[in-house]
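Have the coordinates open in your viewer as you read.

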Amino acid sequence: SSLDAYLRQHPEVGMARQKEVHFFDNEKVFSQKEVEYGLLESQFNWDAKAKCYGESSPIYLYWEPAMKRIWNYNPSMKLIAILRNPAERAFSHWNMEIGRGKETTDFFSCIKNEKERSKEALPYQHRIYSYVDRGMYAQQVRRVFRYFPKQQVLFIKYEDYLQNQVTWIEKVFEFLGVGANHPIVEQKTFSSTYIRKISLQEREYLNMLFKNDINEVEQLLGWDCADWKN
């Protein structure tokens with residue numbers, strides 16, 4: 001949310017009218033013989049003559065067909081993804097769905113029974129119950145690099161981003177080829193009130209599930225994710 005807000009401050013960046021367009025994960029759109037790209041392009045003010053245009057739909061990284069669809073639309077597309085400690089991400093996701101009223105089951109039960117619960121969405125991924133699956137980043141990173149060269153992709157570690165948002169935003173602007181020194185108003189990172197804290201049992205269970213995947217992410221991105229393993 002804060003990255004989206006920063007991008008909207010830059011005069012050379014044309015962001016979509018709504019924060020999450022959800023175009024490339026829209027199965028109804030892509031089930032048609034002819035994909036109606038006008039539904040996407042109508043989200044932008046082309047008269048602004050910005051240097052680049054974009055939108056923020058986090059699910060694109062997770063949604064299996066999305067990268068190929070993005071590549072088919074524009075193989076020169078630049079992608080930015082922020083990856084958070086997967087255990088923290090899972091618990092935050094669950095709290096969000098509880099708050100929305102879309103989830104009523106206790107977190108530990110959700111993560112232990114996720115595969116079975118998610119079967120109701122087959123042949124697609126489950127948009128709500130994917131607390132663990134969305135945090136399995138290695139496959140998602142490999143899928144991005146299958147279609148896009150590394151120079152067109154910027155992965156950011158969430159915890160590093162929190163430490164120095166302004167420096168990272170300057171890197172984002174530079175990556176996009178817009179003025180990196182444009183003055184920006186620092187944004188507060190969005191945070192919601194959790195209904196409870198994650199338990200030690202839940203954290204240990206998640207750390208066990210994510211351990212090997214985190215090791216892969218470190219190799220793929222050259223990151224040190226020691227803080228994700230505790």
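Buried here stands for under 20% relative accessible area, exposed for over 50%, and partly exposed for what lies in between, using a 1.4 Å probe and protein chains only. Before going further, please note that this is a predicted model, in which local features need pLDDT of at least 70 and side-chain atom pairs count only at pLDDT 80 or more, while totals for chains, interfaces and linings use all residues. Residues are numbered from 1 along each chain as its sequence is written, and side-chain values use heavy atoms, with hydrogens and water left out.

Which residues does Ile-169 touch, not counting those up to four places away in sequence? They are Leu-3, Tyr-6, Tyr-161 and Ile-184, where contact means heavy atoms within 4.5 Å. For a sense of scale, Ile-169 and Glu-103 are 66 residues apart in sequence and 34 Å apart in space, C-alpha to C-alpha.

Ile-169 belongs to helix H11. Helices (H or I, at least four residues) and strands (E, at least two) are DSSP runs, numbered from the N terminus. H11 covers residues 165–176, and its 12 residues reach 16 Å from the first C-alpha to the last, close to the 16 Å expected at 1.5 Å a residue; the expected span is 1.5 Å times one less than the number of residues. Gln-165, Trp-168, Ile-169, Val-172, Phe-173, Phe-175 and Leu-176 are the buried residues of H11. Looking down the axis of H11, you will find these buried residues within an arc of 160 degrees, so they line one face of the helix. The arc is taken from the directions that run from the helix axis to the C-beta atoms. Their cover includes helices H1 (2–9) and H10 (158–163), along with strands E2 (52–54), E3 (79–83) and E4 (153–157). After H11 comes Gly-177, with a positive phi near 80 degrees.

Now for the cores. A nonpolar core is a set of buried Ala, Val, Leu, Ile, Met, Phe, Trp, Tyr and Cys residues joined through side-chain atoms within 4.5 Å. The largest has 48 residues, and Tyr-60, Leu-83 and Phe-155 touch the most other members. Helix H12 (residues 200–221) gives the most to this core, with 5 residues. Leaving aside neighbours within four places in sequence, the contacts of Leu-83 include Leu-61, Tyr-137, Val-141, Phe-155, Leu-221, Trp-223 and Trp-228. A second, separate core of 16 residues includes Tyr-6, Val-13, Ile-156 and Val-178.

Helix H9 (residues 137–147) is worth a look too. Its buried residues are Tyr-137, Ala-138, Gln-140, Val-141, Arg-143 and Val-144, and they pack against helices H4 (59–62), H5 (66–73), H6 (86–100) and H12 as well as strands E3 and E4.

Next, the aromatic rings. A pair of aromatic rings is described by the distance of the centres and the angle of the planes. Rings of Phe, Tyr and Trp (its six-membered ring) pair if their centres lie within 6.5 Å; planes under 30 degrees apart count as stacked, over 60 as edge-to-face and the rest as tilted. A search of the whole structure finds 21 such pairs. In one of them, the ring centres of Phe-23 and Phe-30 are 5.5 Å apart and the planes stand at 65 degrees, so the pair is edge-to-face. Both Phe-23 and Phe-30 are buried. The pair of Trp-46 and Tyr-53 is tilted, at 4.4 Å centre to centre and 45 degrees between the planes. Trp-46 is partly exposed at 44% relative accessible area, and Tyr-53 is partly exposed at 23%. Ring pairs also link Phe-23, Phe-24, Phe-30, Tyr-37, Tyr-60 and Tyr-73 into a cluster.

Last, a few backbone details. Most residues other than glycine have a negative phi, and most peptide bonds are trans. The bond from Leu-122 to Pro-123, however, is cis, with omega near 10 degrees, and Pro-123 is placed in the loop between helix H8 (114–118) and H9. His-22 has a positive phi near 55 degrees and is found in the loop between strand E1 (13–15) and helix H2 (27–30).
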